[in-house]
Amino acid sequence: MSFIEIEHLMKIYGHSKSDKVAVLKDVSFTMEQREIVGLIGASGAGKSTIGKILAGLEMPNKGTIRFDGHDLTKMSGRERRAFSKHIAMIFQDPYESLSPRMKIRELVEEPLIIQQIERDKQKRLNIVREALQVVSLDPDKYLERYPHELSGGERQRVGVARAFVCKPKLIIADEPTSMLDTSLRLELIALLKSMNEQYGISYVFVTHDIALTKGFCDRIIVLHEGEIVDEGMTDDVINNPTHPFTKALIHALLTLEGAHE
Amino acid sequence: MRKSTKFIGLTGVVMFSIVALFAIFGPLFIPYDAYKQAGASFQPPSASHWLGTNDMGQDILAELAVGARTSLFIGIMTAILATLIGGIVGVLSGYIGGRFEQLMMRIIDVVLTLPYLPLMIVVAVYMGPGVFTQIFVITLVMWAGKARQIRAQTLSIKSAGPVLAAKTMGASDFYIFKKHILPGVFPLFIPQFVGAVNASILMESSLSFLGMGDPTMKSWGSILYYANSRSGFLTDAWIWWIIPPGICIVLVVLAFSFMGYYLEEKVNPRLSAYTAAQKRVKQQITVNEELVAQNIALAVRDLSVKYPKNGKFTTVVSDVRFDVKQGEVLGIVGESGSGKTTVASAIIQQLRSPAHVPHGAIYFEGRDLQLFSDEEIREVRGQQIGYIAQAAMNALNPVVSVEKQLKEALLAHQTLSTKEIDERIDEALIQVGLEPKWRYAFSHELSGGMRQRVIIAMALINKPRFVIADEPTTGLDVMVQVEIIQLLRKLQRELNLSMIFISHDLPAVLSITDRLIIMKYGHIVDEGPSKALAKTSTHPYTRRLIDAIPLLQPRKEEVRDVVH
Amino acid sequence: MNRRFSYFGKKLFQYTLVLFVAISINFGLPRLAPGDPLLYFFDESTIKELTGAQKQEVLDSVGLGGTLWEQYIQYLKGIFTWDFGTSIKYAQPVTEVIADKLLWTVTLILPALLLSAVIGVIIGAYSAWNRGRKRDIGFLTMMLTFQAVPGFWIGMLFIAIFAVQLGWFPTYGAVSIVQDGTTWGFIKDVAWHLVLPIATLSIATVGSNYLLTRSSMLESLGQDYMTMAEAKGVTKKTLIFNHGLRNALLPIYTQFTMSLGTLIGGSVVVETVFSYPGIGRLLYESVVARDFPMMQGVFLMITFGVIAANIFADLTYPLIDPRAKSSAVHKGGQ
């Protein structure tokens with residue numbers, strides 16, 4: 001039995017008969033502990049939806065998700081919420097996901113308060129400090145600041161610290177680099193990788209940029225129109241794509257790269 | 001916030017204070033009872049009666065003061081009730097959703113559709129005249145609009161980042177409500193309240209004017225009711241009988257309008273990027289023959305751009321200098337804050353105040369664009385310099401068809417017959433790889449890539465020799481990006497365009513440009529031929545940018561096997 | 001296509017609901033209010049003269065006989081056969097009286113609506129284009145002031161100044177008592193009477209048109225497509241009208257078409273001030289005269305008018321906003 005088992009996930013958006021879109025048709029895959037899995041696909045392919053379902057933002061129409069033996073889809077609301085301390089999420093837009101009225105300290109502290117981990121204020125603060133240090137933000141400099149005072153890269157790090165603070169087993173990273181400056185992207189990926197190595201955190205890394213998965217993801221899963229079309233170890237898929245979509249994607253990227261070699 | 005907005009708000013506060021003071025202290029200091037005869041009828045203003053008397057000999061100033069109390073009381077009471085009821089219904093329906101929300105929305109729709117003044121009149125008639133009736137009917141018609149607005153606000157908070165993040169943390173609905181929704185929605189209550197006072201004072205005065213006021217409590221509206229029903233305007237007394245109550249109403253309503261305007265801006269700032277442009281006068285322009293002789297299409301010399309911030313100036317572009325030869329493609333690369341987009345706007349003279357250009361010249365084919373008049377620059381835009389913008393959602397006018405927008409681009413610079421226009425439009429679309437049938441489409445019917453193609457077609461339709469492409473691939477899917485870059489490369493070669501290609505995406509830039517300049521914080525930090533720069537430049541920032549490109553193939557390896 | 005039908009289905013349901021509520025208000029209020037229900041149909045003096053049996057007969061004839069449910073059905077039947085009862089004051093069927101006044105209402109409201117809309121939009125657009133400049137602030141202040149002024153007060157002032165003091169215009173009514181007999185003379189006379197009321201109504205409503213135009217225009221002027229169009233080298237006129245105003249027009253159009261509902265309702269306050277024989281004044285008169293069938297009838301007619309205007313607005317909106325054709329949502333609201 002794998003650590004995470006996803007079986008026959010289906011998700012449909014839309015209400016009226018003429019309006020329905022099947023975002024996920026029949027998705028199944030597994031993940032082990034400490035594994036980093038990349039979800040690749042074009043926009044609308046369904047990759048973000050998988051992330052959202054795992055993080056508890058959406059419910060699938062059909063399918064099961066087993067996490068460490070527990071079936072997430074059959075849990076009551078309260079049980080599922082308690083489970084959220086094991087699954088955290090990093091969002092794409094570093095600014096929009098941080099409340100402008102809250103200081104950095106409050107933002108990173110929020111998961112601890114919601115999950116009622118550590119009632120003692122001082123001990124909580126120490127956990128927050130630790131989280132900020134892990135993402136290389138000096139706590140003394142950043143604790144009392146507001147999001148609008150930080151740069152995009154710094155804000156995203158706050159998002160990572162916030163996801164880390166409950167020491168989750170899995171972090172869903174939903175396009176965490178696409179709104180960052182290019183020079184910062186690999187840095188963020190390096191940070192996530194170091195957290196994986198040091199703390200054993202698994203990642204589901206959602207992205208449309210397959211090049212980012214190289215050196216970071218152990219395995220990648222390629223989605224196209226709601227279905228898995230390619231899957232395997234990262235280098236295998238990149239070097240030997242089987243599905244036409246994956247082939248076209250790799251080809252396009254290599255064309256770009258080839259131009260400047 | 002703009003100074004003018006603050007000033008308007010302050011004026012409102014002052015005006016309201018004057019009237020409030022009058023309402024509170026007026027009846028205490030004015031020696032007459034507004035309901036009793038104080039002198040002879042129709043006395044003109046005098047030392048004992050500052051505004052004279054009405055047809056029943058009552059002192060008008062006393063009436064005004066008492067009226068102030070009534071009108072303000074009713075106005076504020078109904079505003080409080082309507083805002084509270086509307087606000088609570090709004091927040092709850094937005095938050096709870098489901099059947100409850102549906103039900104509330106139906107009720108709100110019905111209340112808002114019914115004609116409000118006749119409804120108020122009908123209900124008031126059956127309830128009998130009185131202050132309570134007035135408060136009731138005005139609240140009855142006012143709460144619904146507030147509920148709808150506050151519900152909308154609640155919904156937008158519910159779907160915003162912080163709430164979603166809290167959900168992933170396992171927050172209960174109650175926590176989200178308490179910690180995120182209420183603090184987010186509550187500020188909106190205040191401008192809503194202010195707007196409500198505004199409306200209810202006017203409604204009360206209308207109702208009182210129609211005779212539905214409380215006969216035992218004079219209000220400004222009822223003073224006018226008596227003035228009207230006793231034909232006050234036919235007498236000479238109209239000046240001091242009719243004008244003052246109206247002025248009082250206007251003062252108070254205006255005061256609240258002003259305060260509301262300020263508060264709305266504070267709580268819900270409408271960040272319209274628009275500011276009026278400065279007029280450009282015709283000036284004498286000399287041609288820089290040297291540049292022309294060297295075939296330099298565009299020469300930017302010592303260009304700086306500053307923006308005022310908190311009293312000081314921040315330099316966004318600093319002494320930038322570069323050339324673009326005829327037929328050459330120059331790339332401008334930089335991250336956020338580098339100033340590259342400002343440079344592009346500056347070139348086509350689209351910088352808006354408060355941007356300030358302290359010095360610099362932009363020579364297009366030898367002539368400094370900064371000196372061009374409005375009409376001269378209009379001729380350059382779209383005809384000699386084409387501008388390819390990023391294909392954002394609103395880059396194309398959403399309610400005008402592609403065809404009309406292309407036609408507009410043509411007719412801005414040439415006169416053509418209908419047939420010629422048609423042909424040119426078809427030609428332009430085919431050139432960017434779109435079937436002519438898409439001319440009838442609207443922006444929302446196009447995918448991001450197609451929108452970008454339309455924008456390219458629009459920029460090239462008048463066959464300009466120079467093109468600025470400002471982040472033409474940002475926001476597009478990777479495969480579409482490659483298509484667009486290949487399209488631009490093809491067009492540039494076919495038409496021998498001189499081009500500036502601006503992007504933060506280095507791989508894209510490297511594949512299409514001859515030369516590069518790298519910008520950081522407004523300065524050019526590195527420049528040179530594209531491929532050479534990428535390979536051999538020693539500038540640390542350039543190296544950082546190059547090294548930050550995630551590659552599928554490790555560097556310096558053969559790219560043979562996988563590509564076609 | 002399915003989507004569009006379900007959208008209109010929803011809207012129709014909503015309007016039917018509105019009608020139902022209006023009808024129920026008319027039905028319910030007199031029966032809820034304390035006192036003798038007959039007072040809502042006849043004078044006190046008349047009622048005193050009726051015997052017990054006659055009272056019951058009368059009750060039956062005005063729909064107050066039988067159980068509540070029977071009364072309701074009877075009332076509904078009446079409405080759908082266009083029988084709104086008989087006016088106490090005019091001793092005529094309510095619908096007849098309303099029909100008589102309808103033309104007067106329209107000749108007052110229509111020009112005022114158009115004038116107010118045209119002026120409000122033009123100045124609003126001009127103001128938005130010149131945002132921040134003195135002329136913008138000036139117009140903004142002026143229009144906020146106009147919005148703060150009660151319509152009836154403007155009317156009273158106009159009468160006092162232009163009719164009584166200066167004698168340029170008549171003080172009341174729609175026509176003079178003495179006519180010269182010719183059609184042209186009649187038209188001139190009516191027009192002369194309409195000047196002040198139309199001016200009053202226009203000033204009272206121009207403010208909201210202006211404010212909506214200005215804010216809507218500012219929104220569209222700040223959009224990317226404005227920069228795009230300017231970069232194409234189009235003229236200033238094209239920018240303002242084909243792009244700025246064209247997009248700003250969407251909410252303006254919705255507001256204008258919905259205001260067409262007042263074509264039937266008229267303006268209660270303005271007509272009252274000018275003693276103008278429109279439907280608005282009819283409502284006021286019926287309140288004063290305690291002519292309840294008339295009052296209810298007018299209320300219902302006005303509701304019909306508003307619903308008709310709303311339906312018109314909903315049906316025609318997709319013509320100006322192509323996005324509304326493929327999606328079910330059109331108004332900015334919900």
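Which residues touch the most other members of the largest nonpolar core? B:Ile121 and B:Trp220, in a core of 132 residues. A nonpolar core here is a set of buried Ala, Val, Leu, Ile, Met, Phe, Trp, Tyr and Cys residues joined through side-chain atoms within 4.5 Å; buried means under 20% relative accessible area (1.4 Å probe, protein chains only). The largest share of this core, 16 residues, comes from α9(B).

Ground rules. This is a predicted model: local features need pLDDT of at least 70, side-chain atom pairs count only at pLDDT 80 or more, and totals for chains, interfaces and linings use all residues. Residues are numbered from 1 along each chain as its sequence is written, chains are lettered from A and ligands numbered from 1 in written order, and side-chain values use heavy atoms, without hydrogens or water.

Back to B:Ile121. Beyond its neighbours within four places in sequence, B:Ile121 contacts (heavy atoms within 4.5 Å) B:Leu207, B:Leu210, B:Met212, C:Val268, C:Leu283 and C:Val287. A separate core has 90 residues, including B:Leu369 and B:Ile421.

Now the interface. Chain B brings 79 residues and chain C brings 81. About 6,900 Å² is buried between chain B and chain C, 70% of that from carbon and sulfur atoms. That area is the accessible area (1.4 Å probe) lost on putting the two parts together, summed over both. In chain B, B:Tyr126, B:Tyr274 and B:Val399 lose the most area to chain C, together 12% of what that side buries.

Charges next. There are three salt bridges between chain B and chain C, meaning a Lys or Arg side-chain nitrogen within 4 Å of an Asp or Glu carboxyl oxygen. B:Arg352 pairs with C:Glu230, closest N and O atoms 3.8 Å apart.

Terms used:
Buried means under 20% relative accessible area, exposed over 50%, partly exposed in between (1.4 Å probe, protein chains only). Helices (H or I, at least four residues) and strands (E, at least two) are DSSP runs, numbered from the N terminus.
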